[in-house]
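Please examine the sequence and the structure shown below before reading the explanation. The account is intended for a reader who meets this structure here.

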Amino acid sequence: LSPKRPTASILGPHTLASACGVLMINILFLVFGLLALHAQSWFQCRMWDSTDVSNVLTIGDNYETSVIFIISGYQYISSAAAFNFGYTFRANWFRNYVFVFFFAVWSALLFGATLSASNLSCIWRLNCDNDHVVRWVTSTEPEPIYNNWNTTVMPIGFRWILFALMVVNLILVCAWDYWVVNSFLSKL
């Protein structure tokens, strides 16, 4: 056990600075990802022009959804890494071998799905086209991609931009929690 007791206030400045800072960084990177998408010459925004909401799931096959899934999906694990630094109260997260295993697996899955158009990415209807869609667990036939282009495959250059955004997001949330919240703010 540590000789110093951790904060007991859930609404204290240390806890709020940590949570709000990571949340703001994550929101900024989500906005950066969508702005980067809208700056691409190949991108066309798909407007939903129907009032029929009986099959609302069919509008999910678009690039905006893919970008939000990629960036926010990685933000779950990067935020967990940032919130789990040990500091003076417990051991660092890299000594938690179960967490490190799941961090590595989720990172590999998401990086693989982002950077390659494969059956792995088609599981999430990400970087997929109608020639490679996989069937859902509850269906017998593969569901086609529901957009005018029959694809959600993004150019490889843009996929590398998303990869860079995920890695920089991880670095910044970890730096925020480690150096700003737990080093600088803990001394105030």
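The structure is a predicted model. Its chain contains 5 helices and 0 strands, and the order of elements along the sequence is α-α-α-α-α. Of the 188 residues in the chain, 36% are buried. When contacts between residues at least 6 apart in sequence are considered, 65% of them join residues at least 24 apart.

Two packed helices are described by the angle between their axes and the distance between the axes. In this chain, helix α3 spans residues 97-115 and helix α5 spans residues 156-184; their axes come within 9 Å and cross at roughly 155 degrees. Angles over 145 degrees count as roughly antiparallel, and α3 is therefore roughly antiparallel to α5. On the α3 side, the residues that meet α5 are Phe103, Leu110, Phe111, Thr114 and Leu115. On the α5 side, the partners are Ile156, Arg159, Trp160, Leu162, Phe163, Met166, Val167 and Leu170.

The next topic is the nonpolar core. The largest nonpolar core has 30 residues, and those touching the most other members are Val67, Tyr74, Ala81, Phe103, Met154, Phe158 and Leu162. Helices α1, α2, α3 and α5 are the elements that give two or more residues to this core. The most comes from α2, which gives 8 residues. Phenylalanine 103, one of the residues in α3 that meet α5, touches Tyr74, Ile77, Ala81 and Leu170 when residues up to four places away in sequence are not counted.

The aromatic rings may now be considered. The whole structure holds 13 aromatic pairs. One of them joins phenylalanine 43 and tyrosine 63 in an edge-to-face arrangement, at 6.4 Å centre to centre and with 70 degrees between the planes. Because phenylalanine 43 lies in the loop between α1 (13-38) and α2 (63-83), while tyrosine 63 lies in helix α2, the pair ties together parts that are 20 residues apart in sequence. Phenylalanine 43 and tyrosine 63 are both buried. A further pair is formed by tryptophan 160 and phenylalanine 163: the ring centres are 5.3 Å apart and the planes stand at 80 degrees, so this pair is also edge-to-face. These two residues both lie in helix α5, 3 residues apart, which is about one turn of the helix. Tryptophan 160 is partly exposed, with a relative accessibility of 47%, and phenylalanine 163 is partly exposed at 21%.

Finally, the backbone deserves attention. Most residues other than glycine have a negative phi. Arginine 125, however, has a positive phi near 60 degrees. Asparagine 127, which is not a glycine either, has a positive phi of about 50 degrees. Arginine 125 is found in the loop between α4 (119-123) and α5, and asparagine 127 is also found in the loop between α4 and α5. Are these residues buried or exposed? Arginine 125 counts as buried because its relative accessibility is 12%, and asparagine 127 counts as buried because its relative accessibility is 1%.

Key
Residues numbered from 1 in each chain as written. Predicted model: local features only at pLDDT ≥ 70, side-chain atom pairs only at ≥ 80, totals over all residues. Heavy atoms only, no water. Axes fitted to C-alpha atoms, helices over the stretch in contact; angles between N-to-C directions. Helix = DSSP H or I, 4+ residues; strand = E, 2+ residues; numbered from the N terminus. Parallel < 35°, antiparallel > 145°, perpendicular 65-115°, else oblique. Contact = heavy atoms within 4.5 Å. Phe/Tyr/Trp six-rings, centres within 6.5 Å; stacked < 30°, edge-to-face > 60°. Buried < 20%, exposed > 50% of the residue type's maximum accessible area, 1.4 Å probe, protein only. Core = buried A, V, L, I, M, F, W, Y, C linked by side-chain atoms within 4.5 Å.
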